[in-house]
Amino acid sequence: MSVDVFDRVIKNAIDVMENSKYQIFEICENVRAEREALNKELQLVIEETAITIDIVDKFEVDYRRSRVRLTEVSRDFKRFNEEDIRAAYEAATQLQAQLAIHREKELHLKMRRDDLQKRLKNLDKQLERAEALVSQFGVVLEYLSGDLHQVTRLLESAKSRQLMGLKIILAQEEERKRIAREIHDGLAQNMANMVLRTEITERMLAKEAYSAVKEELADLKSGVRAGIEEVRKIIFNLRPMALDDLGLVPTLRKFVQDYEERSKISTKFELVGKEVRLPSGMEVAVYRLVQEAFSNVLKHAEASHITLELTFQQQMIKLTVTDNGVGFNTAGIDKKITQGSHYGLMGMRERVELLEGRFDIQSEVGAGTKVSMVIPIKSESKEE
């Protein structure tokens, strides 16, 4: 197949996929809008259900009292006449009717609430599947939308170079998806909740329920603070500013402390040698290596303790991450990493190799795992 024919095929494929991607994106937006509307309706139904339950409880108490009153009036013919008996009977009957009506309303509201919750769950599943499709389309489109001549040359070159490029794009897309999910599940939900609470506050203000408004405003203030904290966390995960301000060692200490609080896994940080400031890019790379290593432990090791040892020497730095988890059989691990079946380890090895370093794994089943990374510090790198 000639290069021109191949280019036309790729362009046609890109056009089709672009159209499909935007259609799926529109579906995602429609599902999000429907989900938001259902969520608002659900909150209103929940509020109305709570109010109705209180009314039913009140009518039940009043009805029981009316029954007791009717019994007393019916038994004491000396104190009460026929008119009193009829009035007591009518009051009990009226309360019974009101109680039945509100019980029916409560049942209807509960059924409506359950139905809305089920529909929200189904919408969440649809949204997750649609977002996964958009992500997959994005990976393929980004890979195909580059220089088509470069794609042709890649097809003619070694297969490993193609796989490396695709893995890089996949890693980028996964990171984007993680950030999007983090914002959607955290900050976006928090903001949507604050909008809803604001609307509730407006209704309470219209009813002049000032004490309830004060409580809602206090909750809103807490929600705003939580949102600010969520934004700071996202920013820190994207680029820890402490790296530039304080350096690698304080930033890693803070990361280890936060990790222990978040995961409830005991951690220990050990520094060997005197810290030397590294080029910004190398400090970020070392930080990401530690992040990935700790993430792998959390996902797979089932460990209760992790140790991070950072060693500074004149010509190199050494990272050692040791855990007391379940461990694994290292036989053939190099081949598995090369084949891409261990993405976390593969990404760590590729980062270390880009820094011209060495990557080593020691592990046994039931005896934990030790990951060692040695990265050279060149004199010209220090000057940079």
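Predicted model: local features only at pLDDT ≥ 70, side-chain atom pairs only at ≥ 80, totals over all residues.
Residues are numbered from 1 along each chain as its sequence is written. Local features need pLDDT of at least 70 and side-chain atom pairs count only at pLDDT 80 or more, while totals for chains, interfaces and linings use all residues; side-chain values use heavy atoms, without hydrogens or water.

Select Leu248, Phe294 and Leu308 to begin. These residues have the most contacts inside the largest nonpolar core, which has 37 residues. A nonpolar core is a set of buried Ala, Val, Leu, Ile, Met, Phe, Trp, Tyr and Cys residues joined through side-chain atoms within 4.5 Å; buried means under 20% relative accessible area (1.4 Å probe, protein chains only). Among the elements that each supply at least two residues of this core are helix H7 (248-263), helix H8 (280-301) and strand E2 (305-312). H8 gives the largest share, ten residues. Helices (H or I, at least four residues) and strands (E, at least two) are DSSP runs, numbered from the N terminus.

Stay on Phe294 and show its neighbours. Leaving aside residues up to four places away in sequence, Phe294 touches Phe255, Val256, Tyr259, Thr267, Ile306, Leu308 and Val321 (contact: heavy atoms within 4.5 Å).

Next, select Cys28, Leu120, Leu127 and Val134. They belong to a second, separate core of 13 residues.

Finally, select Arg35, Glu36, Ala188, Gln189 and Ala192. Of the 15 residues lining the second largest pocket, these are the closest to its centre. A pocket is an open set of points on a 1 Å grid over the protein atoms alone, where a 1.4 Å probe fits, with protein on both sides within 12 Å along at least five of seven lines; lining residues have an atom within 4 Å of a point. H4 contributes the largest share of this lining, eight residues.

Note on methods
Buried < 20%, exposed > 50% of the residue type's maximum accessible area, 1.4 Å probe, protein only.
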